[in-house]
Amino acid sequence: MCFTILPRLLPGPVQSYPSMYPITGYYGAPAQQQQSYPTIPSQAAPVSNKSPITNSAHSANYYQNNHPQQLQQHHLPQHHYNLQPFQQQQHPPYTTSASYYGPQSYHASPAQQSQQQQQQPSLVPMAVSGPGGPLYPIVSYPSAPGSSQYGTLSSSQSTTQMGAPLHQYGAEPPASSASGHSGYGMAPPSQVAPTVNGQGSTAQNAVHSHYSQTSQASLSYNSYGGVTQSSGGADADRPPSGTPSASVHSSPGHHQGGDTSSSSTGSASPVPNSYDSLEGGSYPESMPPSSNVTNQAQPYGSYGYPGMQSAYRQGPASHTDASPSHDLYGQSNYQQYSQPFPSLSELSAALGGLSGVPELEVEALRPINLLQERNLLPPRPLEAPEPNLSPDLKKVNCSPQTFRCTLTSIPQTQALLNKARLPLGLLLHPFRDLQQLPVITSNTIVRCRSCRTYINPFVTFLDQRRWKCNLCYRVNDVPDEFMYNPVTRSYGEPHKRPEVQNSTVEFIASSDYMLRPPQPAVYLFVLDVSHNAVEAGYLKYFCDSLLENLDKLPGDSRTRVGFLTFDSTIHFYNLQEGLSQPQMLVVSDIDDVFIPSHDSLMVNLKESNELVKDLLKSLPALFSQSRETHSALGPALQAAFKLMSPTGGRITVFQTQLPTLGAGKLQSREDPNQRSSSKGAHHLGPATDFYKKLALDCSGQQIGVDLFLLSSQYADLASLACISRYSAGSVFYYPSFHYIHNPAQLEKFQRDLERYLTRKIGFEAVMRIRCTKGLSIHTFHGNFFVRSTDLLSLANVNPDSAFAVQMSVEDSLADSSLACFQAALLYTSSKGKRRIRVHTLCLPVVSQLSDVYAGADVQAITCLLANMAIDRSLSSSLSDARDALVNAVVDLVSAYKSNVSNLQQSGLVLPAAMRLFPLYILALLKQKALRTGTSTRLDERVFAMCEFKTQPLQQLMRMVHPDLYRLDNISDQGALHLNDTVVPQPHLLHLSAERLSRDGAFLMDCGNVFYLWIGKCCNEMFIRDVLGCPNYASIPPNMSHIPELETPLSERVRAFLDWLQDNRAFSSTIHVVKDDASAKATLFQHLVEDRSEWASSYHEFLQHIQQQVSK
Amino acid sequence: MSLFELIITWGLIIAFDELKTDYKNPIDQCNTLNPTVEKVKKIKRVKIAIKLVLPEYLIHFFFCVMFFCAAEWLTLCLNLPLLAYHVWRYMSRPVMSCPGLYDPTTIMNADILAYCQKEGWCKLAFYLLSFFYYLYGYAVSSDRRTTQHGSV
């Protein structure tokens, strides 16, 4: 049972704990330990609440020092994670603290991370709203209806009013400076502090006293053995106490005694107090409320924890007794903290009104008349609503970036769900790049015996030895191995294991989870070299990019690569080690493709590195004179399939035109005259099932196919995309790609390619989604093959694709107050390790319609509806899908009117939580995927549909409803302070031309592209300081970068842009758009609130909705 | 003959139920349900070569032709709606290069699976009723024949 939790490679002997169990240690240690424990809770609790941020910064450092000894047992492929850009060694080794802290801890960028951390201080006093909860944006929303009715640029108004909440972000200069060097090590004080207790002492040791590890190890393990032994005895003596939390309060000095009776922590939630108490055990110093944790810790830390664990164990006893004052203090705090606990001990009671976020709920339910209220947008991009859970559950819940539900309060019955007229579904981004992830190596992965759910923070421990599954409610045994907690090195506290403290964990799977030995990373590149491809000129850029990133391809020493090019024939490349140069083998029989040589086409990247590089250097020249216009994509794919089927892996296809030869050839189906038809588009579905069948075969052989389409002509993406859709690949499309004429696309291609080649990858993956009994999965959306009702087969899994799941309520959920969802992704890492990543989301079940509305997540709902609309437009027609979207709004408005809102006021009334819904739906209707009337190429439309299906929520929302900011008056007011930079936070503006002014400069963030719009009368200072041009007239028409100037304004703008870039996987290009340029149209089509030639304005849309409702 | 129909439909229902309760991979399932030339090997391996949908349709079509020939207008009228439904169903099947009705990529969609199951049950009921109806018709006609025979 080895736990490896740190993202670093650790040298050191591999130790295994289990063998130590049976050894009879001495009995003395545990006895002392028993004494030492009582005080634990008391110290931990105060620390958690009061310690200033600076401490936590230090603690992060402790963590680091701490690793080597704490986790020396194993050598995990940590480097796996190091691939990620943000994965620096600043992480706490075992990130309980941060992840425990809450859903936010997995944010994609350090930037965001520290933003939250800075929010933290301001939140601490607001105990009710939950520590760690991000500010609910609505709170700061100016609720003055009609304050600015129509017209006038309201930016000024919003600055003054909305500035207030923003101040909180940056209000803490010392905090920010601390965060600067600690990265996200400085998780919220509440968690870090306790963790410091537990591990800080070890850390100290590592720093101050350099013992030899081996001798220490033996010592400490011995003592450890003693502990377990005795605790086992205690366990036997003590009958499992049935009422869990009662004992916590009545006798804090006792219940933890033998560290065996887990009664105190029997409750479902990963109780913070118990966690604290555990950690606190090693930390005897009294702790004045405002004292600096680290300073306190130091003297104690020099005790030499690892070397003399017994000593360390004894330590607390004496110390704690000696400090009654702090004890008192601690107790009171502890009591206070766990006050809700007695009632929480039962799962059913765990939520209720206890969580106490009434203001938020009231705010979310505040009826808003959309026809009167003009300023709906929050000042900052909308965040996911917080589920109405108890703070303890909230803290451990899964990050909304990974796992989001459309309704954060699950309706009890299908009837209630139908009444609400909102879709129930999940949005998942399971393989997202995470900054910190507890990785667990364990012989037995604890799972429910009937439903196979992985143990998670939301299970209930009935007693020490039994836990109740939160999905099927079966009572399971806790295996012996699970009794030992490697983080704290204590025995008998299964509820404090990392699995039970984190809702996102990763297991290193044993051979039980393999059907075959884990496959190596295998990459095959299938390149179009027909005349058309040569014209487009992508080959050179591809080869350059691959050459550059060849060493960064995820993989290990077994990594294999291969190349295959095709025009009307198929060319294989023999790259066998030992050849002086690559050999090309041409197969011209495309009707019956065969593989000319089996073992030398896919070669080991390490061994044949030089040949591969040679080939990449010579490829562009090799085909520069190609006159062959036909493209035999189908046969090339068949050949690729044959080449890859023994191993599985990833096929990357580059295609520049319609396939015209062999199997899978396609005809042009697009009628250019129909492009702008208002009736809708045809041929959205595939023309042939060749690609689908091939994709299913690929999926069966664990081959994923990614498609890069760089076509200037119609290439029938609707058919071609099937090859990726069913093999869990991804699709990239670069319309009218040309290396000279279209530099913007070229730049995008290069950036995407870099990310694509270096991003993480998982092979031969499956994902299963389990949910609480009573809920069932209805439909999946995304790229995969559905193997059974809850199992997705993913030949490849990549960190940039997301999934959506529609759910239905089959049986009433009345007997449970919590609904849980668990997504388990089993995959083979590029290093050949079988891993399981488990995400668990817990949400309350409600019986009131108003509660359902209060918990509605408007962004998630929009995304799920978009997915459903895409399905509808494929199965039925585009106009049907559009009608369905409009009806979704109409239904919601009328349902809200008739059921919840008791106001007699006329107009279009929606709860505040859903106030942006009509706007988002209107924006959806104006997207390329779903718009009618405007000229849209079929391929672009189909690609937009593919993106809807696979893009993660945040990215999709930015594409649907871009963020608009005014940049010329950007100031540091309310700015974020990250590391050394100050990131200004301008306010969001409505997407309407009336918000643009001629004397301003505006930035529009569309997800994959930025537009910087410069008004005609824009401040010359801005143009000079930011763009480096003397005046408006001299701005070049195709400017696509911001020069690095030394002016404060330029620095601010670039800091803001960089900060925006950090939050996304694929970096976006920036286009400077002048007011008079023709590119203006591309910007203006994103102003979704305005009326366009074929689509109504937001106001008209609302009136249309109102008419429909009153009908 | 009618018994065959019953059996086939029953098999179909079982197949979808299996799918719903997770025993079978939809690729296998659709392979058994869709008769495909290239999958014959696989089917042989599975050894349960019930290619269900097309035989059902063909048998039903054959019945209708027989009723037409025998000038059994009432029975034909009863069967015509189902025949029309079959034709419509086959015309609106997903894009496929081989004969078949079910697409492994969409069959796990809860709506479609539920629809297929419901369809199976309805057909089972219809075939059961018509089975007894034919039996009755057979009994009546043979009775009539024997009585006619006896009177002569």
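## Basis

The model is predicted: local features need pLDDT of at least 70, side-chain atom pairs count only at pLDDT 80 or more, and totals for chains, interfaces and linings use all residues. Residues are numbered from 1 along each chain as its sequence is written, chains are lettered from A and ligands numbered from 1 in the order in which they are written, and side-chain values use heavy atoms, with hydrogens and water left out.

## Chain B

Chain B has six helices and zero strands. Helices (H or I, at least four residues) and strands (E, at least two) are DSSP runs, numbered from the N terminus. The pattern along the sequence is α-α-α-α-α-α. Of the 152 residues in chain B, 40% count as buried. Buried means under 20% relative accessible area, exposed means over 50%, and partly exposed lies in between (1.4 Å probe, protein chains only). The areas come from the Shrake-Rupley method; for residues, only the protein chains shown count as cover.

An unreviewed UniProt entry places "transmembrane region" at residues 57–83 and 124–141 of chain B. UniProt positions follow the numbering used here, feature names are shortened, and annotations may be inferred rather than shown by experiment. Residues 57–83 of chain B are 89% helix and 0% strand, with end C-alpha atoms 8 Å apart. Residues 124–141 of chain B are 100% helix and 0% strand, and their end C-alpha atoms lie 25 Å apart.

## Annotated domains of chain A

UniProt (unreviewed entry) places "domain: Zinc finger Sec23/Sec24-type" at residues 445–482 of chain A. That span is 0% helix and 26% strand, and its end C-alpha atoms are 9 Å apart.

The UniProt feature "domain: Sec23/Sec24 beta-sandwich", also from an unreviewed entry, is placed at residues 762–846 of chain A. Here the chain is 0% helix and 71% strand, with 37 Å between the end C-alpha atoms.

## Salt bridges

Side chains of opposite charge can pair when their charged atoms come close. The structure holds 28 salt bridges over all chains. A salt bridge is a side-chain nitrogen of Lys or Arg within 4 Å of a carboxyl oxygen of Asp or Glu. Lys540(A) and Asp544(A) form one of them, at 3.1 Å from N to O. Both lie in helix H22 (residues 538–549) of chain A, four residues apart, about one turn of the helix. Lys540(A) is partly exposed at 43% relative accessible area. Asp544(A) is partly exposed at 35%.

Arg966(A) and Asp999(A) pair at 3.6 Å, N to O. Arg966(A) sits in strand S28 (residues 963–966) of chain A and Asp999(A) in the loop between strands S31 (988–989) and S32 (1001–1005) of chain A, so the pair ties together parts 33 residues apart in sequence. Arg966(A) is buried at 14% relative accessibility, whereas Asp999(A) is partly exposed at 40%. Arg1091(A) bridges to Glu1100(A), with the closest N and O atoms 2.4 Å apart. Arg1091(A) is exposed at 59%; Glu1100(A) is partly exposed at 28%. A network of salt bridges links Asp433(A), Arg755(A), Arg759(A) and Asp800(A).

## Surface patches

Patches are made of residues with over 30% relative accessible area and no salt bridge; like charges are joined within 9 Å, and nonpolar side chains (Val, Leu, Ile, Met, Phe, Trp, Tyr) within 5 Å. Phe61(B), Phe62(B), Val65(B) and Met66(B) make a nonpolar patch of about 350 Å². Phe61(B) lies in helix H4 (residues 53–69) of chain B and is partly exposed at 46%.

Glu1044(A), Glu1046(A), Glu1051(A), Asp1058(A) and Asp1062(A) form a negative patch. Lys and Arg count as positive and Asp and Glu as negative; His and the chain ends are not counted. The place of a charge is NZ of Lys, CZ of Arg, CG of Asp or CD of Glu. Glu1046(A) is in the loop between helices H34 (1020–1027) and H35 (1048–1062) of chain A. Glu1046(A) is exposed, at 69% relative accessibility.

## Positive phi

Most residues other than glycine have a negative phi. Tyr473(A) is not a glycine, yet has a positive phi of about 65°. Tyr473(A) lies in the loop between strands S7 (466–468) and S8 (475–477) of chain A, and is partly exposed at 28%.

Asp716(A) also has a positive phi, of about 55°. Its place is the loop between strand S18 (703–709) and helix H26 (717–725) of chain A. Asp716(A) is buried, with a relative accessible area of 0%.

Methods
Areas by Shrake-Rupley, 256 points an atom, 1.4 Å probe, with all protein chains shown as cover.
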